[in-house]
Amino acid sequence: MGYRMSLVAFSVLVLLVSCQEGTSPAAETGGEAMADMEGMESQGQGMEEHSDHETKHGGIFFMALDEVHHLEGTLSSPRMFRVYLYDAMTMPLNDEKVQQASGTLHWGEFPDPPGIPLKVGHEDGMLMAELDREIEFPLTLTLLVNFPGAAEGESELFNFVFDEYSKPPAMEGSEGMSHE
Ligand SMILES: [Cu+2]
């Protein structure tokens with residue numbers, strides 16, 4: 001099984017920095033038509049790929065080494081680990097893509113076999129694994145994920161260390177965001 005065990009947290013930091021470079025100054029002097037010709041790189045609704053690395057469910061967030069996917073792991077109860085898979089825009093993967101993903105969850109910091117297979121969950125982009133032992137904090141879990149589009153057996157490894165249960169972010173009405 002060829003999983004890519006690199007310093008995931010470290011590479012996330014590096015890629016975060018390189019992601020920031022994508023913001024292109026659109027301000028050109030007197031060139032209204034220029035925007036159509038040069039603004040091709042961002043086809044999204046004003047969003048750049050990799051501009052959103054925020055957790056959505058109060059879990060632990062990673063960018064995948066394939067530089068496309070993102071994921072977030074949560075521990076919501078003594079029994080349930082969930083992983084949310086996202087695309088480059090940090091939107092949940094659709095059902096079809098989620099069906100193509102697979103993975104196993106392992107106790108501790110190594111992917112010792114056999115691992116607990118992930119099952120498709122009932123939320124967008126979500127897979128889950130039911131923990132089969134008593135947990136104790138801090139809890140270290142290792143996740144091997146085969147992303148949609150990856151070769152068979154080509155899995156990425158993610159280490160999660162939970163100090164407590166994940167808290168879903170509070171639903172706040174306004175976050176002071178300005179829409180223009
Ligand atoms: Cu990213």
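In what order do the elements of the protein run from the N terminus on? In this predicted model, the order is β-α-α-β-β-β-α-β-β-β-β-β-β. Three helices and ten strands are present. The protein has 180 residues, of which 25% are buried. Among contacts between residues at least 6 apart in sequence, 58% join residues at least 24 apart.

Five of the strands form an open sheet. Their order is β2-β3-β4-β8-β7, with antiparallel pairing. The edges are held by β2 (60-63) and β7 (119-120). Each has a single partner strand, so one side of each is left without a neighbour in the sheet.

Strand β3 spans residues 70-75 and pairs with β2 in the antiparallel sense. Four bridges join β2 and β3. Within this pairing, F62 has L71 as its bridge partner, and I60 has G73.

E72 stands opposite Y84 in β4. β3 and β4 also form a hairpin, here with four residues between them.

β3 is mostly covered, with six of its six residues buried. In a regular strand, side chains alternate between the two faces of the sheet. In β3, H70, E72 and T74 point one way. L71, G73 and L75 point the other way. Residues of both sets are buried.

Conventions
Residues are numbered from 1 along each chain as its sequence is written. This is a predicted model: local features need pLDDT of at least 70, side-chain atom pairs count only at pLDDT 80 or more; totals for chains, interfaces and linings use all residues. Two strands pair if DSSP finds at least two bridges between them. Helices (H or I, at least four residues) and strands (E, at least two) are DSSP runs, numbered from the N terminus. A residue is buried if 20 or more other C-beta atoms lie within 10 Å of its own, exposed if 12 or fewer, and partly exposed in between; C-beta atoms are placed from the backbone. Two residues are in contact if their C-beta atoms, placed from the backbone, lie within 7 Å.
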